[in-house]
Amino acid sequence: MKKLLTYPFVLLVRLYQVMISPYTPSTCRYSPTCSHYTIEALKIHGLFKGGKMAVKRIFSCHPWGGSGYDPVPKKE
């Protein structure tokens, strides 16, 4: 059930990675990038918790936010 709910959102991020990201300058301050983080968070934690983690990460990706290595936390 979790895969069924998250699949459309993972697909949207994959489309972004293929169709938009190659044509824009690389600006993500984190490793892994925000789009890779989003896919992994959705797959590990599901739509709601993973989605919340992804939104939080994307909103912190600005010049005054964090940077560096920030992996998706393991599921408890």
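K56 is exposed, with a relative accessible area of 65%, where exposed denotes over 50%, buried under 20% and partly exposed the range in between (1.4 Å probe, protein chains only). The model is predicted: local features need pLDDT of at least 70 and side-chain atom pairs count only at pLDDT 80 or more, whereas totals for chains, interfaces and linings use all residues. Residues are numbered from 1 along each chain as its sequence is written, and side-chain values use heavy atoms, with hydrogens and water left out.

K56 is placed in helix α2; helices are DSSP runs of H or I with at least four residues, strands are runs of E with at least two, and numbering starts from the N terminus. Between K56 and T38 the C-alpha to C-alpha distance is 10 Å, at a sequence separation of 18 residues.

R57 is also found in helix α2. With a relative accessible area of 3%, R57 is buried. Its contacts (heavy atoms within 4.5 Å) comprise Y30, S31, P32, T33, C34, Y37 and D70, leaving aside neighbours within four places in sequence. For D70, the backbone oxygen lies 3.1 Å from a polar atom of the R57 side chain. A polar contact is defined as a pair of N or O atoms within 3.5 Å; within protein, one atom must be able to donate a hydrogen and the other to accept it, and residues adjacent in sequence count only if both atoms are side-chain atoms.

C34 is buried, with a relative accessible area of 12%, while C28 is partly exposed at 28%. The closest cysteine sulfur to that of C28 belongs to C34, at 3.3 Å, which is too far for a bond. A disulfide requires a pair of cysteine sulfur atoms within 2.5 Å, and the count by this rule is zero.

Helix α1 covers residues 2–19 and helix α2 residues 34–59. Two packed helices are described by the angle between their axes and the distance between the axes. The axes of α1 and α2 come within 9 Å and cross at roughly 180°; α1 is therefore roughly antiparallel to α2. Axes are lines fitted to C-alpha atoms, for helices over the stretch in contact, with angles from 0 to 180 degrees between N-to-C directions. Angles over 145 degrees count as roughly antiparallel, under 35 as roughly parallel, 65 to 115 as roughly perpendicular and the rest as oblique.

On the α1 side, the contact is formed by K2, L5, T6, F9, V10, V13, R14, Y16 and Q17. These meet S35, H36, T38, I39, L42, K43, I44, H45, G46 and L47 of α2. By class, the contact has nine nonpolar, seven polar and three charged residues; Ala, Val, Leu, Ile, Met, Phe, Trp, Tyr, Cys and Pro are taken as nonpolar, Asp, Glu, Lys and Arg as charged, and the others, Gly among them, as polar.

Within α1, T6 is buried at 6% relative accessibility. Residues up to four places away in sequence aside, T6 touches L42, G46 and L47. The T6 side chain also reaches the backbone oxygen of K3, at 3.4 Å. From helix α2, S35 touches V13, Y16 and Q17, again not counting residues up to four places away in sequence. S35 counts as buried, at 14% relative accessibility.
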